[in-house]
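Let's take a look inside a protein and see which parts hold on to each other. Have the sequence and the 3D view ready.

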Amino acid sequence: MEGARKLTTAYLIGGIILLGASAVLAAQFHGGAFVGGRKKKGKRKPVRVYMDGCFDMMHYGHCNALRQARALGDVLVVGVVSDDEITANKGPPVTPLHERMIMVGAVKWVDEVIPDAPYAITEEFMHKLFNEYDIDYIIHGDDPCLLPDGTDAYALAKKAGRYKQIKRTEGVSTTDIVGRMLLCMRERSLGDAQNHSSLQRQFSHGNSQSGDNSTAGTLTKISNFLPTSRRIVQFSNGKGPGPDSRIVYIDGAFDLFHAGHVEILRIARELGDFLLVGIHTDHTVSSTRGPHRPIMNLHERSLSVLACRYVDEVIIGAPWEVSKDMITTFNISLVVHGTIAENMDFLKEESNPYAVPMAMGIYQQLESPLDITTSTIIKRIVSNHEAFQKRNEKKEASEKKYYESKGFVADD
């Protein structure tokens, strides 16, 4: 498909229906009309807002930005920057475009997605947004987005008076997450016996790592995530299952939430009326996946899963074993698990966590559509370690500058 056609095509989320520019333009303002001598009240034109981004290694911060953007309008159109544009402006992406499209499309506040969006809002693309996609406002966070030449990527939108700003989510960024994995590499090189438990605690509590930087090159900052009950409410659907709902349960670590997670959740949701997802504790993940896991702590992982449109509710800190009492308490009809996971050996062990639902005949193994695990993402970082280290060094400087000059921005 030619680049021009790609930019005039939007994906309607919630189905696999492609909308061309003509369909987008159909959502025009309907003014008042006189019917039988009386004026009929016209319908307000839906406010269409646009937000773009790389959405590389998508995390709860991205999701919160999209939530805030959607609150500023009626329809949220999201542009996903191409792999080539990311490489030219920031360095190589960790996840390719097709995976990032899956991730963005699965966020419950997103209505349409534009692939291969440019990194900078050029005059040509801005007019395309206004005229073909009928965009009213362009949205971005309060952190600066600078091009390689130092200019503001959103300068034209601001000049046109069609720009709105949202609050950047505290305590996380792709740079930070990549830094955590690079830090894991450094700790492994020093020996697993040294500091691995303290490293896990730092990931879980969001503290900064200090010490020798000779291996990592620069000090890797682990952000301080400040979870609040209000944020959890903002991400929640706010309603439970109906009395006759078929409730499907799936559990896991869901660390570094990725396209493989999204696709198995989509399939699981299709099997019932309500999808309940169990998120294992940091301790459980460490004991089953290794001392350097999880990369993301329990609350971070829970918010990422909650933002997924296929998920109805999560259990924050779900038990490893699915018990009869748990099945009864939540009225679970079906327990499922994918075929692609970090470790499938538990099915052969005496302490099989799914022994009870298996005995009850309500366990089902689902064929995973994508061969991706958290280890897959980590291996991508490891295999291109030097490139990502250079990318992080450059980004860390801009992040430090942002935090030093950061001012209060009202949240919704």
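Is Glu112 buried or exposed? Glu112 is buried, with a relative accessible area of 6%. Here, buried means under 20% relative accessible area, exposed means over 50%, and partly exposed is in between (1.4 Å probe, protein chains only).

## Before we go on

This is a predicted model, where local features need pLDDT of at least 70 and side-chain atom pairs count only at pLDDT 80 or more, while totals for chains, interfaces and linings use all residues. Residues are numbered from 1 along each chain as its sequence is written, and side-chain values use heavy atoms, with hydrogens and water left out.

## Charged pairs

A salt bridge is a side-chain nitrogen of Lys or Arg within 4 Å of a carboxyl oxygen of Asp or Glu. By that rule, the count here is 14 salt bridges.

Back to Glu112: its side chain meets that of Arg48 in one of these bridges, at 3.2 Å from N to O. Arg48 sits in strand β5 (residues 48-53) and Glu112 in strand β7 (residues 112-117), so the pair ties together parts that are 64 residues apart in sequence. Helices (H or I, at least four residues) and strands (E, at least two) are DSSP runs, numbered from the N terminus. Arg48 counts as buried too, at 5% relative accessibility.

Arg100 and Asp83 form a salt bridge, with their closest N and O atoms 2.5 Å apart. Arg100 is buried at 1% relative accessibility, whereas Asp83 is partly exposed at 25%.

Glu99 has a partner as well: Arg380, at 2.8 Å from N to O. Arg380 lies in helix α16 (residues 374-383) and Glu99 in helix α5, so this pair ties together parts that are 281 residues apart in sequence. Glu99 is buried, at 5% relative accessible area.

## The nonpolar cores

A nonpolar core is a set of buried Ala, Val, Leu, Ile, Met, Phe, Trp, Tyr and Cys residues joined through side-chain atoms within 4.5 Å. The largest one has 61 residues, and Met57, Leu66, Leu256, Leu265 and Val277 touch the most other members. Helix α11 (residues 259-269) gives the most to this core, with six residues.

What does Leu66 touch, not counting residues up to four places away in sequence? Its contacts (heavy atoms within 4.5 Å) include Met51, Phe55, Trp109 and Val110. There is also a second, separate core of 24 residues, with Val75, Ala120, Phe125 and Ile135 among them.
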